[in-house]
Structures are given as C-alpha cells and as structure tokens.
Amino acid sequence: REAIENAMQSAGVEKDAIEAAAVGNAVAGLITGQECIRGQVVLRELGIGGIPVINTENACASSSTAFHLAWLYVASGMYDMVLALGMEKLFHADRKRTFQAIGSAIDVEQSESFAREMSGEQSAGAGKSRSVFMDFYANLARQHMDRYGTTQEQFARIAAKNHTNGSLNPHAQYQTRRSVEDVLSAPLIAAPLTRMMCSPIGDGAAAVLITTAEKARQLTTTPVFVKASTLGSSKEHDQDTPGIVPLVAHKAYEQAGVGPNDLHVVEVHDATAPAELLIYEELNLCQPGEGGKLIDDGITQISGRCPVNPSGGLLAKGHPVGATGVAQICEIFWQLRGEAAQRQVSGAKVGLTENGGGVLGGENAAASIHIFTV
C-alpha cells in the first residue's frame, strides 16, 4: 500500500488512472501460502480492480519482469498508464523456511548435487541452515580469485562502498557506514564471503507508473524515459560463449543506442559483493579480470566515473526478492531527476539497472536490463 500510494502521489495521479498492473512476487506461496492471485489480492485492498492484473514470478527478477511487461503494454499503445509493482514477504520465524524458499530458484531435481558441487558434501540439502546461493557466489568468487588474482579485500571494498552508500539512503534496510576492516572482520559465511558481503533477508515493496511520453510531459517537467527494456533466460553454451547477462546487456545497449561508457549511474544485482564485481565485467564496464581494479581505482564510488549501487545495493538497501527489480528502477528514477539527496550522482542523465534471477547451468536463469534517460 505504501509503495503504490507513494508512486501515485509522486506522479500526481489517482488510482482510477491505472489501466493495467503487472505484479512481481517470487515466494509468497512458500512463505505465506498465497498463490495464484497475489496481485489481485493486494490491489483489491487498495480499491484497484476491474483492470488486467498480470502476476509475474521470475525469482529475483520477478518485478523487473513485471516492469518489462508493463512497459510493453504502454509501448504497444494498448494502455496509457500501467502500474509495475514488486513485493515480497521474505522473513519467516523459521529461517529454514526462508532459505528453502530462496533455494527453490534452481532446478529442484538437482538441488542435492548442486549444493555438493558448490561447497562440498557437508552442504547437501542446502536451504536447511543457510541459502545455497551464498555457496554459489562463494564458488564464483574463488574461481575469479584463482583466475585473475582478485582478492578478498577487493570484495570487501565493494561491500564497504555499498554499506556507506546505504547510510545515505532512508529506504535502506541497513544505514550504517562500514569500513573495509569492518567487512573483513564480520563472521565468515562461505569463504571468501563474510556476512557483510551477503545481502540480508527482508520484506519490502516498490512501485512505479509507466505512461506515454506525451502523458509524462503533462504530469512533470522532468520525465524519465525508458530507452531499453530487455529480458532473457539461460541456455546451454560453452565456456567461450557469453552468458545470459552479457547477451541481454548487448541487446539493451543496442536498443538504447548507448554503450557502457555513456552510463552515469548503475544499479546492479549485488546479492553478494563478488556478484557486483563480476557484473562490472559482464556489463563491459571493464575488461574480464579488471573488476578488482575498477573498485580499487574508485571508479564505482558515488563520486567516481561510473557510480554503481549508490542506493546501497542489495547489500545495504536489502533484497526482498520480488521487489528488488523495481526498487532498482526507483533509485535510477530519483538519480536522473536529481532527487537522491546525499547520495546524488552529479550530472546523472543515463542510468542502467541489472537484475538477475535464479540459477541454471551456473548462471542466472533470468536476467533483465533496463536503460533510462532524461
């Protein structure tokens, strides 16, 4: 309710103006038992009904998928005002239930072998004591360290950056500045990941309204335009072929008519600190193996050449799975309109969001990238 009402107030529209809604949610069925009509249940409580409501479930990319569909509704000319909503109730008193819900974002028939492959026999049946995805990201981090000489301290620099950015964000779950030393001294979760390098469990919601360029100019003097909306899923490929994120990024750059050097601000899916570093390379912000240098040189700081996760990212802002994609888009919206207060990126005119969901074949099962301009 809070997210939707804030979006309508920001846009200066009433609920009757909303012609359709796309609602992203990942695990309500497993946490609360609500399946099938999640969006209809929530919107009816706000007095929004009688319109098409599409429910999208795409792991961590659920609401960026909802945004993609809402954008398509408007881009097709079918509707002039569409709501994109992301929401998640992830916390449960029984933490094992939360981990099991998150752990369902893989091929469940291979869950035992996947857990063993990630961190050894002792983690078989992961989801009972911790998220299997922390083992997955730890495994990717170790591979990058072995191949390129990336260090745990470089991962810690990313986490310290994001926690410090989160301290400037009133919407962040954690709003405490952290140093590299703080991050390194936190409890070890799965080597090389310490707790502060891992995104937390949390609940949340985010909402945006998408309209035509003509209507947007009637509502505001600073509209934000969707220049690219791309979505893809994993497929079989060899090691020398780009994975899903680089492929979707290439499509987004091509659709928007911009390149990585044109970006002023970026929000990425830092489920862990190493994930952010890997995404630097997948988005072509730097060459393979140079992600550590990018953070060492301060390029991705708020004051750097290409700020990444000024919101605090998933590490500090939080990761209520089904809400994350739209929450990233909200941050870019505020940045491009100059409304990000203490965390404002100077002169931001072009922004990108990258949101991944689930794992298949050692990469994101789903990936969504959006590019925005003013």
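The legends below describe close-up views of a predicted model.

**View 1**

**View 1. The open sheet β7-β10-β9-β8.**
This open sheet also shows mixed pairing and is built from four strands. Here β7 (225-233) and β8 (265-267) stand at the edges; because each has a single partner strand, one side of each is left without a neighbour in the sheet. The twist has an average of 15° from one strand to the next. Strand β10 (residues 363-373) is the partner to which β7 is joined by eight bridges, and the two run antiparallel. L231 stands opposite S368 in β10. In general, strands of a sheet pair through backbone hydrogen bonds, in either a parallel or an antiparallel manner.

**View 2. The packing of helix α4 against helix α15.**
Two packed helices are described by the angle between their axes and the distance between the axes. For helix α4 (residues 62-75) and helix α15 (residues 324-336), the angle is about 65° and the axes are 5 Å apart. The two helices, α4 and α15, are therefore roughly perpendicular to each other. On the α4 side the contact involves S63, S64 and F67, which meet T324, G325, V326 and I329 of α15. Sorted by class, the residues of this contact between α4 and α15 are three nonpolar and four polar, with no charged residues.

**View 3. The packing of helix α8 against helix α12.**
Helix α8 (residues 152-166) and helix α12 (residues 273-282) cross at roughly 100°, and their axes come within 8 Å. It follows from this angle that α8 and α12 are roughly perpendicular to each other. The residues of α8 in the contact are F155, I158, A159, K161 and N162, and their counterparts in α12 are A273, P274, E276, L277 and Y280. The contact of α8 with α12 comprises seven nonpolar residues, one polar residue and two charged residues.

**View 4. The largest cavity and its lining.**
Rolling a probe the size of a water molecule over the atoms shows where empty space is left. With a threshold of 30 Å³ or more, the count comes to one cavity. The space in the largest cavity is about 30 Å³. Its lining is formed by P260, N261, L285, R305 and C306. By class, the lining of the largest cavity contains three nonpolar residues, one polar residue and one charged residue.

Most residues other than glycine have a negative phi, and most peptide bonds are trans. The peptide bond from A191 to P192 is cis, and its omega is near 5°. A59, although not a glycine, has a positive phi of about 55°.

Terms used: Residues are numbered from 1 along each chain as its sequence is written. This is a predicted model: local features need pLDDT of at least 70, side-chain atom pairs count only at pLDDT 80 or more; totals for chains, interfaces and linings use all residues. Side-chain values use heavy atoms; hydrogens and water are left out. Axes are lines fitted to C-alpha atoms, for helices over the stretch in contact, and angles run from 0 to 180 degrees between N-to-C directions. Angles under 35 degrees count as roughly parallel, over 145 as roughly antiparallel, 65 to 115 as roughly perpendicular and the rest as oblique. Contact means heavy atoms within 4.5 Å. Ala, Val, Leu, Ile, Met, Phe, Trp, Tyr, Cys and Pro count as nonpolar, Asp, Glu, Lys and Arg as charged, and the others, Gly among them, as polar. On a 1 Å grid over the protein atoms alone, a cavity is a set of points where a 1.4 Å probe fits but cannot get out, and a pocket is an open set with protein on both sides within 12 Å along at least five of seven lines; lining residues have an atom within 4 Å of a point. Grid points are joined across faces, edges and corners, and a volume is the space filled by probe spheres set on the points. Two strands pair if DSSP finds at least two bridges between them.
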